[in-house]
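Have the structure open while you read.

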Amino acid sequence: MGNKQTIFTDEQLDAYQDCTFFTRKEILRLHGRYHEMAPNVVPMDYTKDPDVKLPMQLIINMPELKENPFKERIVASFSEDGEGSLSFNDFVDMFSVLSEMAPRELKAIYAFKIYDFNTDNFICKADLEKTLNKLTREELTEEEITLVCEKVIEEADMDGDGKLGFADFENMISKAPDFLSYFQLRKHLLYTATQQKLLGSVECIPEFKFKEAQESDDLHLQLLSHCESGAPRNQSSSHIENDCQ
C-alpha cells in the first residue's frame with residue numbers, strides 16, 4: 001500500500017488550529033476546496049509553504065458566494081495582496097471569520113471593511129449608496145437612495161460628523177441581536193446590521209418592493225422576512241500571520 005499524502009506538517013496544523021476556529025480535519029477539508037478550484041496551480045504538498053494565490057474570479061464562484069451581491073467586497077476584505085487574490089491563509093481566514101464560532105468583535109471588524117468601499121476607514125454616504133444599490137439591485141431612484149442613506153446616518157451617527165466610524169458601526173451592531181447568526185458564509189446569506197438598517201429605512205418609501213425571490217433561501221427574501229419580523233471557541237482570531245503558516 002502506498003504512503004498517505006502529507007499535505008501539512010503537524011506544526012502547521014497546530015498553528016492553524018491556534019489561529020482559527022477550525023480543527024485539523026476542517027483545515028484539510030478547506031485545503032481540498034481550495035485545491036479543487038485550481039488543481040493545476042494549488043499543490044497537494046503545503047509543507048514548504050508554496051507561494052500560491054487564486055484570483056478573485058475563482059473564489060467568488062464558490063456556492064457560498066456566487067449569489068451574494070457583496071461577493072467581491074467580501075473577498076477583497078480578506079486579500080492580503082490588495083488585488084483580490086487569496087492565498088490559502090487568506091482563504092482559511094475568510095472562512096474562519098465568517099464561521100459561526102467567530103466572536104462578534106471579530107466579525108464586526110470585517111463587516112466594517114466590507115462596507116467601507118472607498119477604504120477611508122469610515123462608512124460614508126457614498127458607501128451606503130453602493131450598499132443599498134447592491135441590496136436592492138438598483139431598483140431605487142437617486143432621490144430614494146439619498147433619502148434612505150440620510151436617514152441611516154441620522155440615526156446611527158453618534159458624533160455628528162456625517163459618516164459612520166467604527167464606534168458608530170459597533171453601536172449599530174449591538175442593536176442587531178441576529179448579527180452573529182447572519183454574518184456567516186452560507187449559501188445566499190451574509191447579512192449584517194448595516195443591511196438591516198438600510199432595509200428598515202426603505203420602509204419610508206411607500207411603493208418600494210423587492211423583486212420576487214426565485215428560491216426560498218434567496219438573500220433578498222431572507223432579509224425582507226427578517227425586517228418584517230421586527231428584528232432590529234474562546235479564541236479571538238485575527239488575520240493569519242506569518243508565524244501561523
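## What counts as buried

A residue is called buried when its relative accessible area is under 20%. Keep in mind that this is a predicted model. Tyrosine 34 comes out at 0% relative accessibility, so it counts as buried. Phenylalanine 91 also goes down as buried, because its relative accessibility is 0%.

## Aromatic rings

The count of aromatic pairs comes to 12. One of them joins tyrosine 34 and phenylalanine 91, with 5.1 Å centre to centre and 45° between the planes, which makes the pair tilted. This pair links distant parts of the chain: tyrosine 34 belongs to helix α2 (residues 24-37) and phenylalanine 91 to helix α5 (residues 88-97), 57 residues apart.

Which residues make up the aromatic cluster that includes Tyr34 and Phe91? Along with those two, Phe8, Tyr16, Tyr46, Phe88 and Phe95 belong to it.

## Charges over rings

Two contacts here pair a charged side chain with a ring. Arginine 73 has its charged end over the ring of phenylalanine 117, at 5.3 Å from the ring centre. Over the face of phenylalanine 122 you'll find lysine 163, 4.1 Å from the centre of that ring.

## Threonine 136

Now for a spot in helix α7 (residues 125-136), where threonine 136 has its place. Is threonine 136 buried or exposed? Its relative accessibility is 3%, so it counts as buried. A polar atom of the threonine 136 side chain lies 2.8 Å from the backbone oxygen of leucine 132.

Key: Residues numbered from 1 in each chain as written. Predicted model: local features only at pLDDT ≥ 70, side-chain atom pairs only at ≥ 80, totals over all residues. Heavy atoms only, no water. Helix = DSSP H or I, 4+ residues; strand = E, 2+ residues; numbered from the N terminus. Buried < 20%, exposed > 50% of the residue type's maximum accessible area, 1.4 Å probe, protein only. Polar contact = N/O pair within 3.5 Å; in protein donor to acceptor, adjacent residues only side chain to side chain. Phe/Tyr/Trp six-rings, centres within 6.5 Å; stacked < 30°, edge-to-face > 60°. Lys NZ or Arg CZ within 6 Å of the ring centre and 35° of its normal.
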